[in-house]
Amino acid sequence: MFSEIKTTKVFEQVMEQIKEIIQNGQLRCGDQLPSERDLCEQLNVSRTSIREALRSLEMLGIIECRQGEGNFIKESFEDSLLEPISITFMLHGSKTNEILELRKIIEPETAALAAKNISDAKLQEIKELMSSLNNENDSEKIAEIDKRIHYKIVQASGNDLVTNVMYAVSNLVDRFIEDVITNMFKSPANRSIVKEQHEALVSAIEAHDSSKAAAAMRKHLEYTNDFISNSIIKK
């Protein structure tokens, strides 16, 4: 029932202490860590253990080393999830429809949160993107604007964890199905429908109507997901 308790390596203990300090709120995004020398003195461990701990935390995407300045808690963790999720996706032989299913699970509720929490500044940014979308006919540019609108809505939700997850998902879309999405916008009919769907979505968010925002996002994703799925099947 029980396993043998093994001695934890010194550098792992150092990592745990740094993570606990972050968890307790004593260190926040952008804060600088004490120097290696100070850490050695405070923790009473060798510089080798400190460096190994810092290197491991950097690999995990928790800290960043700035040449000539020192070690800092990362300002943004959006990139930290990207590679692990991408590698897991590829190693497990996952299908692109899993990306679509994940978006359909997360994004409607994210839109509902955005309707509730959006700031005037974020709403203005989204409206400006909508204006660009409505005035654009180039399929590649439309695909890029479409992605930016979705990401702005995620940011407007005010939930940093959801934002980080959706950033990683957005990059999966870029890597595996971006060409299919671009092809969708080559059709004037598709462009018109998607623009109308975005207008309905943004209007619901502006009205702070969470239910309508979620429904509008769900309808939009069902439309685009059907197109993507059918395109993949035809390949």
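How much space lies in the largest pocket? In this predicted model, the largest pocket holds about 280 Å³ of space. Its lining is made up of 22 residues, and helix 7 (139–156) is one of the elements that contribute two or more of them.

**Largest pocket**

- Among the lining residues, Arg 103, Asp 146, Lys 147, Ser 170 and Val 173 lie nearest the centre of the pocket.
- Two or more lining residues come from each of helix 5 (96–117), helix 7 (139–156), helix 8 (160–176), helix 9 (178–184) and helix 11 (210–234).
- Helix 7 provides the largest share of the lining, eight residues.
- Classified by residue type, the lining comprises 10 nonpolar, eight charged and four polar residues.

**Largest nonpolar core**

- In soluble globular proteins, nonpolar side chains tend to be buried together.
- The largest nonpolar core contains 39 residues, and those touching the most other members are Ile 149, Ile 153, Phe 185, Leu 201 and Ile 205.
- At least two residues of this core are supplied by each of helix 5, helix 6 (120–134), helix 7, helix 8, helix 9, helix 10 (188–206) and helix 11.
- Leaving aside residues up to four places away in sequence, Ile 149 touches Leu 129, Met 130, Leu 133 and His 198.

Technical notes:
Residues numbered from 1 in each chain as written. Predicted model: local features only at pLDDT ≥ 70, side-chain atom pairs only at ≥ 80, totals over all residues. Heavy atoms only, no water. 1 Å grid on protein atoms, 1.4 Å probe; cavity = no way out; pocket = protein on both sides within 12 Å on 5 of 7 lines; lining within 4 Å. Points joined across faces, edges and corners; volume = space filled by probe spheres on them. Helix = DSSP H or I, 4+ residues; strand = E, 2+ residues; numbered from the N terminus. Nonpolar A, V, L, I, M, F, W, Y, C, P; charged D, E, K, R; others polar. Core = buried A, V, L, I, M, F, W, Y, C linked by side-chain atoms within 4.5 Å. Buried < 20%, exposed > 50% of the residue type's maximum accessible area, 1.4 Å probe, protein only. Contact = heavy atoms within 4.5 Å.
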